[in-house]
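Here is a brief report on one protein model. Look over the sequence and the structure first.

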Amino acid sequence: MNDQSYGQPVRPSEADEVVECYFIEGVHYTKDDLHAGLMKGVSRQHRDDGRNGRVAFPQVLESLLQYRFTDNYRQTSFTNALSRGANPNGEYYVFNFVGILTVRGYLFYVFPKFVKADKQGKFITPSRRSRLFMAQVIAVCDTYKRRQGMGADTNSLVEESDEPIGEAELYRALIEDFLHEGAYRSRRTVWERNGNTAIDWGRTIDQSKPIMTHAGTPLYADYWNRAKRDDSEALIRRLQLAWISHAAETFNRLQLLEDVLGYPSTLRNISNESPENIGTPEVITAILKRSRSREFSTRNRNLIGLLLLLTDQEETGALSTSHVISHLGTAPFENVWEDVCRTVFNNDQKMLDTLKRESRPAWSGTDHRSTRMTNMLIPDTICKVDDCDKWVIIDAKYYETTPDGGKNTPTRGPGIQNILKEYFYQLLLDGTCAPEKSAANVFMMPSQLNLQSIHEPDQTCRISGDIRFPFLQTLGLGTMGTTVNQHFLPIIYAELDACSAFQSYSQVSSTDGLSRQMDPQAILRTLVNYEEKATSIR
């Protein structure tokens, strides 16, 4: 890419003043640091949200420590939003989550660990650029959840998810439903007998017995009319629009409505009513449940389900927690990065399944019986280079890439087990599926992102070096040979521009409408070319 400007510095706006600073996943924060998430204009001691009374900061902190995310759609493991630890300097807290968390009067923007801190060495300065990037991150998380079957749509929220459903998720589902489907309209037809509206002749003929005249003409003394829709339809529509207006106003107060979520500001004025003024929770709940039982439209049933979640605390346990915590995003983000790389580089699932199947060890007993074990090696991505019939193995690693004191080694990188597994991936590919077809073996990390910079990176993918075992050189296994499986490929250490990869994955840009395209095949060819030079020279 050219080193051209893709955005101009902007003056601080009201949105930049909502909280003091934004946070970064994996960074150690003190309890005082977390106070920076308090929204301006809210007392540090208490926050009255008008719904659940007052709460002190220790309770907010405890809520964050207890809030959990499911790691996969099977919900077999969990990740806490915040964890607590200790070192010689004292107690610290670490976010294990990427996205936005709201707890009462606190708002926490938590950015991926590859984003560079620009304030006190551990915070990010609030800006429109950072919020645009966060909007892209949330779009990426939503794409990931849909791909994994975890669901980000209305139906999943109401009927399938076992995770705590935050108000933010319900608000988004309500707004998304309205933007796609419009205001609620019942698809039920209501009839009345011998009414004053237009006669439904089809129903009348089917269900009423006529009186026949001498001329053979039927006369109907008993007939059916299409009645006006019952009052519950209008009430549900009023309630829907009131909640949408309330949700939009809430997001706008948090400076999320336009910058991060991309919703039109006009949603704030879609109703001049508040949900509380339309009716008591008991009356509204009874009407909603009765209407849902009569509905045949899936969309309408799901919409009513959302309104029930917002109206009736007994409808689900999701909103009955005392801390009322809401989130946008997901955890653990390393799973998201793996799926991003798998998708943008067009993973060959058929080849991957073959490698997984062939990687299972065989157990041979003294009785000469052999059994395949269930354990297997699972590479992240295996992809083909179109123009040279070669394969590239990519292991996505969600690590920080900051150099250690100017040295050419990362502060944190793949351990010895990861390196050995990567070598074995190549052996597996060469030995079973594609002899002499492995052309590159890669650790793919996200490159460090400076949100204060107004320039695009020089390269979408930058190669910063490679990893190898020197003793393989001595054995003649570290350079290109003439026989099959004679050499091990050095493992390339590459850094991929996350903004470009995220846009290819989610189709959402992190800049003001300007596209940052990436060419996956060009990147693969660059990796292969590097590998060829590395194995022939050293």
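## Basis and overall make-up

This is a predicted model, in which local features need pLDDT of at least 70 and side-chain atom pairs count only at pLDDT 80 or more, while totals for chains, interfaces and linings use all residues. Residues are numbered from 1 along each chain as its sequence is written, and side-chain values use heavy atoms, with hydrogens and water left out.

The protein has 16 helices and 19 strands. Helices (H or I, at least four residues) and strands (E, at least two) are DSSP runs, numbered from the N terminus. Of the 538 residues, 49% are buried. Buried means under 20% relative accessible area, exposed over 50%, and partly exposed in between (1.4 Å probe, protein chains only). Take the contacts between residues at least 6 apart in sequence: 72% join residues at least 24 apart. Contact means heavy atoms within 4.5 Å.

## Aromatic pairs

The structure holds 22 aromatic pairs. Rings of Phe, Tyr and Trp (its six-membered ring) pair if their centres lie within 6.5 Å; planes under 30 degrees apart count as stacked, over 60 as edge-to-face and the rest as tilted. Y22 and Y109 are stacked, because their ring centres are 4.2 Å apart and their planes meet at 25°. Y22 lies in the segment before β1 (23–24) and Y109 in strand β7 (residues 106–111), so this pair ties together parts 87 residues apart in sequence. Both Y22 and Y109 are buried.

F23 and F108 form a tilted pair, with 5.6 Å centre to centre and 50° between the planes. F23 is in strand β1 and F108 in strand β7, 85 residues apart. F23 is buried, at 0% relative accessible area. F108 is buried too, also at 0%.

## Cluster and charge over a ring

One aromatic cluster is formed by Y22, Y109, F111, F114, F133, F333, W337, Y398 and F502.

The charged end of R68 sits over the ring of F78, 4.1 Å from the ring centre. The test is NZ of Lys or CZ of Arg within 6 Å of the ring centre and within 35 degrees of the ring normal.

## A helix pair

Helix α5 (residues 167–181) packs against helix α10 (residues 298–311) at an angle of about 150°, with the axes 10 Å apart. Axes are lines fitted to C-alpha atoms, for helices over the stretch in contact, and angles run from 0 to 180 degrees between N-to-C directions. The two helices are therefore roughly antiparallel (over 145 degrees).

On the α5 side, L170, Y171, A173, L174, D177 and E181 meet R299, L303, L306, L307, L309 and L310 of α10.

Key
Angles under 35 degrees count as roughly parallel, over 145 as roughly antiparallel, 65 to 115 as roughly perpendicular and the rest as oblique.
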